[in-house]
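Colleague: I would like to go through this model with you. Could we take the fold, the contact between the chains and a few residues in turn?

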Number of protein chains: 2
Amino acid sequence: MGRRSDHTREQLRAMIVVEGHRQMAEVGFFHFSAREVAKRIGYSIGTLYNVFGSLDQLMLAINGMTLDLWRDYLELRLEAAGADRLKALVEAYFEFAIVNRHAWAALYDHRLPEGEPMPEYYEAKIAALTDIVVAEIAAALPPGKADAAVRLAPSLLASVHGHCALTLTGTLSLLHLEDPCAAAYARVREALAEA
Amino acid sequence: MGRRSDHTREQLRAMIVVEGHRQMAEVGFFHFSAREVAKRIGYSIGTLYNVFGSLDQLMLAINGMTLDLWRDYLELRLEAAGADRLKALVEAYFEFAIVNRHAWAALYDHRLPEGEPMPEYYEAKIAALTDIVVAEIAAALPPGKADAAVRLAPSLLASVHGHCALTLTGTLSLLHLEDPCAAAYARVREALAEA
DNA sequence: ATTTAAAAGTAAACACTGTTCAATTAATGA
DNA sequence: TCATTAATTGAACAGTGTTTACTTTTAAAT
């Protein structure tokens with residue numbers, strides 16, 4: 001076969017994703033440039049398209065890496081958590097978003113063309129994240145009510161996400177919301193108390 | 001002066017915003033083109049920049065129009081509301097976002113350069129929206145606790161926004177969240193019950 | 001060892017962006 | 001009538017994603 005470098009196709013793919021993720025973290029979704037990624041790893045723009053087929057697929061790969069890092073971070077923080085694991089989870093959610101502002105925002109900034117479904121591998125990464133939330137909420141619920149976690153988890157995730165998103169992007173300028181993370185945690189606790 | 005058309009500067013400004021808003025509603029933030037807007041109203045791209053100075057300012061004007069329409073819609077629905085005004089407010093929030101998907105999403109998709117503050121007129125439009133929420137939450141709280149509304153409102157707004165955003169953009173594919181609007185309303189009610 | 005076929009990679013070309021700015025047009029005041 | 005001034009243009013520039021004809025490299029087959 002005709003490879004001229006030392007990299008297998010999979011190594012090259014990984015290089016692109018890692019460098020793409022680095023660039024995403026630096027400049028954010030709106031200033032992301034596939035050409036710049038290609039230049040930085042010493043390949044031409046054409047090679048990127050040969051490997052990924054389209055920019056959307058590259059975006060999914062980059063966001064997929066972010067989802068993996070996010071999951072790893074949540075698990076790490078949960079291992080070191082004390083009694084209140086839910087609080088640790090909410091805080092870890094915020095911490096990751098704050099430290100990785102741009103890469104985190106890109107998860108929501110990038111959208112597939114309407115009607116095009118997410119690839120299976122990507123949905124699986126999302127499921128891995130939500131499963132963590134479901135498990136912690138199930139554990140926090142009174143025994144016997146644990147099956148309500150599957151229905152409650154997405155709603156609480158949405159609540160926490162809302163606090164995080166409005167704070168991080170600053171598009172709605174929520175004055176009077178001093179500690180968004182604490183407020184989000186309070187909302188979660190209230191919902192659990194009701195159930 | 002050298003105007004060659006029948007429009008005053010303010011009329012032209014209004015034309016651009018209206019056509020820009022129309023285009024935003026049609027194709028969304030990521031396919032928005034200032035050139036296309038100019039073409040549709042029969043002016044050149046240069047004129048747009050003379051009137052608005054930058055694309056960011058045009059975006060703020062377009063999003064400002066969306067904020068106005070949103071406020072009007074909330075007030076309209078509140079006038080026709082029955083006993084449960086908060087439920088009407090949450091539903092109106094969702095309805096507007098669904099009907100005006102693209103224009104609504106653009107409120108969050110567009111971001112000013114870091115460090116650049118929002119213009120005063122724009123913050124005022126946001127305040128008009130949040131004031132509606134604050135007033136309704138204050139009315140729903142037990143008398144005497146009404147001053148907690150200022151602190152509670154942004155958090156509840158964030159919760160509702162989170163449900164709406166994750167559902168509309170579909171970036172996190174929240175299965176098991178059948179009725180996001182009802183779930184958001186339930187979270188709001190829980191928070192009020194606690195206070 | 002030579003040929004062949006396929007894989008890998010390139011870079012120019014295309015159609016778009018946003019942005020700037022010298023040149024042009026048209027209306028007004030003197 | 002003429003100079004001034006506001007309004008408007010559209011070409012030019014530097015980017016973007018995307019496609020594709022082309023070249024290089026390598027492995028396999030003869």
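This is a predicted model: local features need pLDDT of at least 70, side-chain atom pairs count only at pLDDT 80 or more; totals for chains, interfaces and linings use all residues.

Colleague: Let us start with chain A. How many helices and strands does the secondary structure of chain A come to?

Modeller: Chain A has nine helices and zero strands. Read from the N terminus, its elements therefore run α-α-α-α-α-α-α-α-α.

Colleague: What does the C-alpha trace of chain A span along its principal axes?

Modeller: The trace spans about 60 × 40 × 35 Å. Chain A has 195 residues, of which 33% count as buried. Among contacts in chain A with a separation of 6 or more, 61% are between residues 24 or more positions apart.

Colleague: Please turn to helix α1 of chain A. How many residues does it have, and how far does it reach?

Modeller: Helix α1 of chain A covers residues 9-27, which is 19 residues. From its first C-alpha to its last it reaches 27 Å, close to the 27 Å expected at 1.5 Å a residue.

Colleague: Which residues of α1(A) are buried?

Modeller: They are A:I16, A:G20, A:H21, A:Q23 and A:M24. Viewed down the axis of α1(A), these buried residues fall within an arc of 165°, so they line one face of the helix.

Colleague: What do the buried residues of α1(A) pack against? And which residues are exposed on the other side?

Modeller: The buried residues pack against α2 (34-40), α3 (45-52), α4 (55-79) and α6 (101-109) of chain A. On the other side of α1(A), the exposed residues are A:Q11 and A:E26.

Colleague: What follows α1(A)?

Modeller: A:G28 follows α1(A), and the phi of A:G28 is positive, near 85°.

Colleague: How many residues does the contact take from each chain?

Modeller: It takes 29 residues from chain A and 29 residues from chain B. On the side of chain A that touches chain B, α6, α7 (120-140), α8 (149-169) and α9 (180-194) each supply at least two residues. Helix α8(A) gives the most, with 12 residues.

Colleague: What is that side of chain A made of, by class?

Modeller: The side of chain A that touches chain B has 14 nonpolar, nine polar and six charged residues.

Colleague: Now chain B. Where is B:P119 found?

Modeller: B:P119 is in the loop between α6 (101-109) and α7 (120-140) of chain B. It counts as partly exposed because it has 15 C-beta neighbours inside 10 Å. B:P119 and B:L60 are 59 residues apart in sequence, and their C-alpha atoms are 8.6 Å apart in space.

Colleague: And where does B:L55 lie?

Modeller: B:L55 lies in helix α4 (residues 55-79) of chain B. With 13 C-beta neighbours inside 10 Å, B:L55 counts as partly exposed. B:L55 and B:R77 are 22 residues apart along the chain, and their C-alpha atoms are separated by 33 Å.

Notes. Residues are numbered from 1 along each chain as its sequence is written. Chains are lettered from A and ligands numbered from 1 in the order in which they are written. Helices (H or I, at least four residues) and strands (E, at least two) are DSSP runs, numbered from the N terminus. A residue is buried if 20 or more other C-beta atoms lie within 10 Å of its own, exposed if 12 or fewer, and partly exposed in between; C-beta atoms are placed from the backbone. The expected span of a helix is 1.5 Å times one less than its number of residues. The arc is that of the directions from the helix axis to the C-beta atoms. Two residues are in contact if their C-beta atoms, placed from the backbone, lie within 7 Å. Ala, Val, Leu, Ile, Met, Phe, Trp, Tyr, Cys and Pro count as nonpolar, Asp, Glu, Lys and Arg as charged, and the others, Gly among them, as polar.
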